[in-house]
Structures are given as structure tokens and as C-alpha cells.
Amino acid sequence: LLILGFVGSLALDELLSVNVVIRHADRSATSGWATAESPSVLFRGSGELTDVSTVDFGISFPAASFTNALFKETPKDHAVVPPIYTVDVDSDGLLVPLLTCTDGWEETIARFNLTSNVNVKDASLRAMMMTAWPAACATVNPALVDAIIAELPNKLINMPANYKACAEGAAKEFMYKYIELLAGAGASFNDLRIKRVAGAATCTGAACNGQPKFRVYYTHDVNVLALSHIFGVLDQFNGITPAFSSALVFEVRRNDNGTYVKIFTKNGHKADFVDTNNCATNCSLSAVS
């Protein structure tokens, strides 16, 4: 410890806090199946984690291991991942994105000529499927877009070739545009929606409101895109919806010049962490936040 302290004093660069926003691991679609065998392979049901091993920050675990101490039995004696909340679910949009509000959708309603401000998130997806479904996916039912993307990595599911081709390219670009819209980010920027989705993670300072110095948010692709827009690193995903286990890491550090922030991205569990060089000109805490 003395040696570490001596090295740290020489470096004059102190790590104050780390905030991690990571998309959940491999899961099935929230609705629909790509093939007839999909329900058997993804036996936990719609929207649940799969048994595909994932690596989150160096820890490899499939859902079967993760649920070992968190049992919720099904009729087939399979474990189901229960929701885990570290703070009240209603207090932070990072846990459950606030996408059912009726305000903050004005430009979306006008864009798709919607007749109501109720359930705009679903109505806009239906409108996009009718007006912007990619030609490369013409032989695929648009209603299966979430299913084919979610099931693509699973080697136990043999999807038709046209499903695979769609899921590997055009479908991910389509979903990126939709998730971007929900997040109020990028080309669909909306100040109100993006603040709702970003939640408490926009407080990246050291000891923010007495919170621990290391915080991890297990969230969704919509949250990852919202925060990427806010902190100017949206281009890191190249117009493709973030892969499972994609992450943003915010290091708040302090040196002789003051407090500053470094932002790293990780697009999927197989990717390396990438320094976004977000602060090539000014990475002070006040400039970034």
C-alpha cells in the first residue's frame, strides 16, 4: 500500500470516481420469435437473459450462472432472472426508461403524422416499419426485427439465410434509428426525452450527492445512446444499435490542472475498451458536464 501511495503521488493523477453504464447481456426479444425452435432454446421467455456466455468487465457468465442465487422457478424448473433495483425504480430513468410520457414527442408526432400523443413509442415504430423498412430486409416481416437481431448470436438457433442477412446489417441500422428516436439523441434530438432517459447518470462528479465512488448501471441500448449523445461520443457506434454488453465508462480524475473526465466506450463483450479522446481540447469536469 505504501508503494502504491508513493507511485500515485508521483503521478499526480488521482482517480475520484468511476461511473459505468452498460447494456444488459444477451437476451431474447421482448416479443416474437425468429424460428419455431426459438421458444425452446430461449426457455426463460421473452425479454429474459439467455445462456449465451457474456463477458462484462472480465467476468464471464451465462444467465444460468447469474441466476444461481436468485432463483425464480418456472414450470420447467428453469431459473428466471428477477428484476434487481439498487434504487427506487421510479426515481431513475436508467432503470426503466421513461418512454410512456405523453409530452416531449411533438416533432415525432408531426414527423409520422400521428393522431395521438399516447403510446408514441410504439406508434412511431409501426410508422417506421411502414415507411422506412429497408429494402435489404424486404423478405422479412418487420415485426420480427427485435427477434432476429436478438437471436442472431445464438448458435443453437438456425435462422433462415434472409433473416441472418437482414439482422447482420440493415436491421441493426433500422433499430439504431428507432432507439435514437426513443432516446431523443442524434438526428432525433429532444431535450426532454434525452434527460428522462439519461437519468441520474448525468451526475458524473466525484461523490455526487454522497453516492459511492464506483457505480454501475445495468441498462438498455436507449440509455447508452442517450448518454453517448450528451457526452459527444455518439459516433462511436457508427449508426448501428449497440451490441449486448456495450458500455460507457466515465472516469473522473484530478491532477494539478484540476478535475477532468475521461470517457471510454466498449461496443459489445468481445470489443476492447476504447478511449474516446473526448477531451482533446478541454476535458475539464465543467466542460464535459
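**Charged pairs, folds and cores**

Guide: Glutamate 251 and arginine 253 form a salt bridge through their side chains, at 2.8 Å from N to O. The model is a predicted one. The general idea is that side chains of opposite charge can pair when their charged atoms come close.

Visitor: How many salt bridges does the structure hold? And are glutamate 251 and arginine 253 buried or exposed?

Guide: The structure holds nine salt bridges. Glutamate 251 counts as buried because its relative accessibility is 17%, and buried means under 20%. Arginine 253, with a relative accessible area of 16%, is likewise buried.

Visitor: Which residue forms a salt bridge with lysine 195, and where do the two lie?

Guide: The partner of lysine 195 is aspartate 191, and their closest N and O atoms are 3.1 Å apart. The general idea concerns geometry: an α-helix has 3.6 residues a turn, so residues three or four places apart point the same way. Lysine 195 is exposed, at a relative accessible area of 54%, whereas aspartate 191 is partly exposed at 39%.

Visitor: What does the salt bridge between lysine 262 and aspartate 275 tie together?

Guide: The two side chains meet at 2.8 Å, N to O. Lysine 262 is in strand E6 (residues 258–266) and aspartate 275 is in strand E7, so the pair links parts that are 13 residues apart in sequence. Lysine 262 is partly exposed, with a relative accessible area of 22%; aspartate 275 is also partly exposed, at 27%. Beyond its close neighbours in sequence, up to four places away, aspartate 275 touches Lys262, Ile263 and Phe264. Its C-alpha atom is separated by 9.4 Å from that of valine 249, a residue 26 positions away along the chain.

Visitor: How many residues of H10 are buried, and what covers them?

Guide: Eight of the ten residues of H10 are buried, and the helix is mostly covered. The buried residues include Asp221, Asn223 and Ser228 as well as Val222, Val224 and Leu225. Their cover includes E1, H8, helix H9 (191–198), E4 and E5. Just after H10, glycine 232 takes a positive phi of about 70°.

Visitor: Which residues have the most contacts inside the largest nonpolar core?

Guide: A core is read as buried nonpolar residues joined through their side chains. The largest one here has 56 residues, and Val145, Ile148, Phe174 and Leu182 have the most contacts inside it. Helix H8 (residues 170–183) supplies its largest share, ten residues. Valine 145 touches Met129, Trp133, Ala171, Phe174 and Met175, leaving out residues up to four places away in sequence. Apart from this core lies another, of six residues, with Val18, Val20, Val249 and Phe264 among them.

Visitor: Where does threonine 35 lie, and what does its side chain contact?

Guide: Threonine 35 is in the loop between strand E1 (13–23) and helix H2 (38–41). Its side chain makes polar contacts with the side chains of glutamate 37, at 3.2 Å, and serine 38, at 2.7 Å. Threonine 35 is buried, at a relative accessible area of 12%. Leaving aside neighbours within four places in sequence, its contacts are Glu151, Ile157, Asn158, Met159 and Pro160.

Terms used. Residues numbered from 1 in each chain as written. Predicted model: local features only at pLDDT ≥ 70, side-chain atom pairs only at ≥ 80, totals over all residues. Heavy atoms only, no water. Helix = DSSP H or I, 4+ residues; strand = E, 2+ residues; numbered from the N terminus. Buried < 20%, exposed > 50% of the residue type's maximum accessible area, 1.4 Å probe, protein only. Polar contact = N/O pair within 3.5 Å; in protein donor to acceptor, adjacent residues only side chain to side chain. Contact = heavy atoms within 4.5 Å. Core = buried A, V, L, I, M, F, W, Y, C linked by side-chain atoms within 4.5 Å. Salt bridge = Lys/Arg side-chain N within 4 Å of Asp/Glu carboxyl O.
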